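Here's a protein model to walk through with a guide. Have a look at it before the questions start.

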Amino acid sequence: MKQSNEMWSKSTKAIINGVLLFSVAGVLYPIFNFLKSTASGLSSVASFVGESSSALSGSALVFTITCYVLLAGIIFGYYLYLNGLANFSLAVNPADSNSVKKIRTGVILVLLGWGVAFLFGFIPFAGWLGSLANVILCIVAYILMLIEFSALKKSTTFPESARSGASLLFIALILLIIGTILDLIPLIGWVFMLILSLVGFILTIIGWKRIKSAA
């Protein structure tokens, strides 16, 4: 029992750290990527008109390195998350293990969707296919995870605080789905997506902390 509680605590801690890492790095990456592109563009313009561009080139290099660090943070964050879920499926009651495994599968499907969209972006006139595949995979993943979080929040073998945490994760996922849909609204959709994603992120961290406290 002690060993199971220790695995429960360690796996949920890895999940929380993973979520924090890929979420924070995921927010910062597009910001620094924009700064990198801007600095590179201004450096090219400065060189074209015969002005010194060493400062801009140096800034572009710093932003580029930062982007690589953040990208590595995102990847490592998802590694912690997936590895944590795999270990957590071994720590929970066998009746709940299958739900945790399916949630992990849902996360993999989301990552697969992003990967497909990224790869198709390099194929001329095929970007829409990648986007379509990404949407389909994400929808399937979200529905799968929604079903399994619903099962965990109603589980008779999950501790009470863990069920409470699963309920928050269920709500966070609903907010993510709504935000993804509202993001399709031109001009203002991203605002709704940003707000709902922030609330969902907070609920996700609180939810997993409640589950961790059940060890």
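What follows is a short chat about a pocket, a helix pair and a salt bridge.

Guide: Heads-up: this is a predicted model, where local features need pLDDT of at least 70, side-chain atom pairs count only at pLDDT 80 or more, and totals for chains, interfaces and linings use all residues. Residues are numbered from 1 along each chain as its sequence is written, and side-chain values use heavy atoms, with hydrogens and water left out.

Visitor: Which helix gives the largest share of the lining of the largest pocket?
Guide: H1, H2, H3, H4, H5 and H6 each supply at least two lining residues; helices are DSSP runs (H or I, at least four residues), numbered from the N terminus. The largest share, 10 residues, comes from H6.

Visitor: How do H5 and H6 run, roughly parallel or roughly antiparallel?
Guide: H5 (residues 160-182) and H6 (residues 189-213) pack at about 165°, with axes fitted to C-alpha atoms over the stretch in contact and angles running from 0 to 180 degrees between N-to-C directions. Angles over 145 degrees count as roughly antiparallel, so H5 and H6 are roughly antiparallel.

Visitor: Which residue forms a salt bridge with Lys 10?
Guide: A salt bridge puts a side-chain nitrogen of Lys or Arg within 4 Å of a carboxyl oxygen of Asp or Glu. The closest N and O atoms here are 3.1 Å apart. The partner is Glu 6.

How values were computed
Parallel < 35°, antiparallel > 145°, perpendicular 65-115°, else oblique.
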